[in-house]
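Subject: Structure handover

Hello,

Please find the structure below, with notes on what was found in it.

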Amino acid sequence: MAQGRRLLVLYGSQTGTAEEMAVHGSSRLALAGAAPICKSLSECSLQSLQQAEAAVFVVSTTGDGEAPLTMRRFWMTLRKRDLDQACLANLSYAVYGCGDSSYPKFNAVARRLDIRLQALGAKRLCDVVLGDEQSPLGVAQGLSEWTDRIASKLKLLHSDHMDKYLHTHQAMKYFLGSRDGASVKRKPMDFSDYEETVHSLSLCSQIVLFANGNPLSKQMCSGTKNAFSLLRLAGLSFSYFDTSLDQEIRESLTRRFQVNPPFVCGNGSILVSRDELRALEENITLGELSLQRLMCFQEPGDRYERSLNDDLRAGDCGENRTQHMWDSESISNHIPGIRESILKATVKFVSTLTKGRDFDVNDVRHVELKLPNEYRYKAGNVALIMPRNRPCCTERFLRLLRLNGNTIIDSINVSNSSFDFLLNRLNFRLPCTVREIVSSQLDLEGRPQPYLLHLLSYFADDAEEAERLAYFASTEGVEDRIEYCEKTKRTILNVLEDFPSLCKADFSHLLAILPRLQPRAYSIASSPLAHSQELHFCIVVVEYRSPLGRSLKKGVCSSYVSGLERFDCLPAAIFPDFGCGLAFNFFKPAIVIAAGSGIAPFRGILWERKMMKEQSLPVCSVLAIVGFRYRKADYMYEKDWEELFSNDHDAVLKLAFSRDGKQKEYVQHKIALFSDEIWDALTRGAVIYVAGSAGAMPRAVEEAFIKVAAERIRDPRSLEQWTHELKTKRLRVESW
Ligand SMILES: Cc1cc2nc3c(=O)[nH]c(=O)nc-3n(C[C@H](O)[C@H](O)[C@H](O)COP(=O)(O)OP(=O)(O)OC[C@H]3O[C@@H](n4cnc5c(N)ncnc54)[C@H](O)[C@@H]3O)c2cc1C
Ligand SMILES: Cc1cc2nc3c(=O)[nH]c(=O)nc-3n(C[C@H](O)[C@H](O)[C@H](O)COP(=O)(O)O)c2cc1C
């Protein structure tokens, strides 16, 4: 592939890891001279694949070997039986899987995708790589080599030297234009290694220099001159921005380089000082230049004030306290059909379902939202909620980077069009405050993956810190990283605090490399028929201490939701296909197994069933086995269960309280105990629905069912057949 030819980098991601890998991979490919289009598989059609030169897939596996939500529609298209067997004959492709070998169906999606692409005639660029969360360097182990191999297969430039150039290129990712340029920090580029810099700069289609400082210091001035000389010597065109050049220096630069400001360069960037900008705005004769492309370091002006206020008004919802810039755009990139599903619900109330004070039980909240009138969903659906960082974390980050959270960002420019894909990651509408961006976009409490430590090492201003970060990201440093990160459950924010020189990095660069905050999925615990225009959730507030006893850790989304108050606005999206793990059939006998917060989807489903029955519909029989710890402390929705199972001969409820007796008794033990009733339902064709924690429960439940069958089916082959049918057709699990 010739330099500059485009290729698709497509990701299918459930919780953001594959997306981050795809962005990282795209950066490397862009550095090698490609102009990748990096996007979610939800935005990819078969036709766009057929038109591409090459497609690079980064896909994760979720559920029980299932495709992530973002790629389900794409996968269904690709699996269609009537597709021409050579329909992808012109496509070269590569697949990287994000998976975890502790799951039985390790990287099932990446494997299936690889096989299917080949079956449709596509040509492998290189072998599929199965990234593994369990491997010493995490799921990204092998990613860099994989992208480099692709780059060399595509005959891109310099694929073997990319790491060397990463620093310079990272430093040119994109720039945030604020009204107060000084408060969004930027870092001068290091031009000390002439050859290397020229080489790497020559890969860029546009170069932007900042000479910043108020007033411009002598030192900066010589740095700027060097940069000018270097770029001119290398024969590269460039753009130059300065907010504060004094007249004398400006004139000397103009004389020396025989150019007159404003300098207009290849891609339409322009040098402007505040005064010049004002003058420009007054007599707009910019021709093809778009004002948006200017880096506007101007004083707050009426125009911007007005649009900001409009923005906030648009986000208002009742008497809400929280201002959300988050809206349909912020997750529309990720999930097919979600734009239509976005709703802005208001909180009716949040209550506590458990009594944690005297018992060892989770803090679980019942959340009730009021839906906008026109909203429809189905019982058993899943909603996505976009969290925000805890205010204390947002403020810590702002303090660390010495950022003024109130600074308003007006514009974002990518300095190199090969990196345009980075703009897709920025799901906020401008203008927007720095605080809003930090609060809604950055995964501050996420896990610092080795690849992130590697990238951060380029941004550490202190050589020792840079070396240590690179060491943690390396194979030799695995054990120390596990000790440092995993055992203490350090967050990304903790790492920034531990390596102070990272905080000298530009905010815009950190924004480019830190992972995004991802929406979280929650089973809807209400029924459209029983709870008109309401949406209920049953949410465990995640709180834990790391094994090494660092401070208390809190789940981002569950903490956020638990802190909401009446009339707060909670943007959520209902995604009908998400619940397809359960896909409850109201007309076939059902065995329902739920533990802990796994009761959430069944509360909604069983209320729906009750309402349908009241309308004389021929609904299915239900045998439900539901598990809690203590009857007194976490028997959640007790009144609902009583109402749902009383006066209904076709509905039976068995309860398991694991900590009430001398011996622990879980739902799987109840399956054994009531095996006759279970077998009876199974012989009537019952479908089994399981929901709850993704830990040991789903497998223990599956084994309990197999044991029930093994006690009744003597012939080994028939038993094997029965087990196969159970796993492939009868058992539907939704676990988290
Ligand atoms: C289809 C589906 C439906 C779901 N439905 C529900 C539901 O109805 N109710 C519900 O509560 N959740 C549900 N979830 C889970 C939910 O999406 C979130 O994962 C959960 O609320 C945690 O999100 P968080 O942002 O609060 O925590 P995060 O900030 O994402 O933190 C969670 C992470 O913290 C770490 N962690 C948590 N506990 C410990 C511990 N004890 N020790 C060490 N590390 C730990 C783990 O790394 C874990 O991944 C569902 C998930 C899916 C996929
Ligand atoms: C609920 C759940 C189910 C998972 N199921 C599988 C699986 O069946 N096979 C597998 O290889 N990995 C599985 N994983 C691991 C993920 O694939 C892995 O963590 C991956 O890096 C996540 O990428 P994503 O954030 O892009 O979705 C599962 C993870 C979760 C949380």
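**Ligand 1**

A polar backbone atom of Cys 557 lies 2.7 Å from an oxygen atom of ligand 1; a polar contact here is a pair of N or O atoms within 3.5 Å, and within protein one must be able to donate a hydrogen and the other to accept it, with residues adjacent in sequence counted only if both atoms are side-chain atoms. This is a predicted model, in which local features need pLDDT of at least 70 and side-chain atom pairs count only at pLDDT 80 or more, while totals for chains, interfaces and linings use all residues. Residues are numbered from 1 along each chain as its sequence is written, chains are lettered from A and ligands numbered from 1 in the order in which they are written, and side-chain values use heavy atoms, with hydrogens and water left out.

On its own, ligand 1 exposes 980 Å², of which the protein buries 68% (accessible areas come from the Shrake-Rupley method with a 1.4 Å probe; for residues, only the protein chains shown count as cover).

Around ligand 1 there are 19 residues, and the nearest are Ala 521, Tyr 522, Cys 538, Cys 557 and Ser 558; a residue is near a molecule or strand if one of its heavy atoms lies within 4 Å of it. At least two residues of this shell come from each of β15 (520–523), β16 (534–541) and α21 (556–562). Helices (H or I, at least four residues) and strands (E, at least two) are DSSP runs, numbered from the N terminus. β15 gives the largest share, four residues. The shell has 12 nonpolar, four polar and three charged residues (Ala, Val, Leu, Ile, Met, Phe, Trp, Tyr, Cys and Pro count as nonpolar, Asp, Glu, Lys and Arg as charged, and the others, Gly among them, as polar).

**Ligand 2**

Ligand 2 is surrounded by 22 residues, with Ser 13, Thr 15, Thr 61, Asn 107 and Glu 133 the closest. The side chain of Thr 15 has an N or O atom 2.3 Å from an oxygen atom of the ligand. Taken alone, ligand 2 exposes 640 Å², and 87% of that is buried by the protein. α1 (17–31) and β4 (92–99) each contribute at least two residues to the shell, which by class holds five nonpolar, 13 polar and four charged residues.

**The sheet**

Five strands make an open, parallel sheet in the order β22-β21-β20-β23-β24; two strands pair if DSSP finds at least two bridges between them. β22 (651–657) and β24 (731–735) are the edge strands, each pairing on one side only. Seven bridges join β21 (622–628) to β22 in the parallel sense, and Val 626 stands opposite Leu 655 in β22.

Regards
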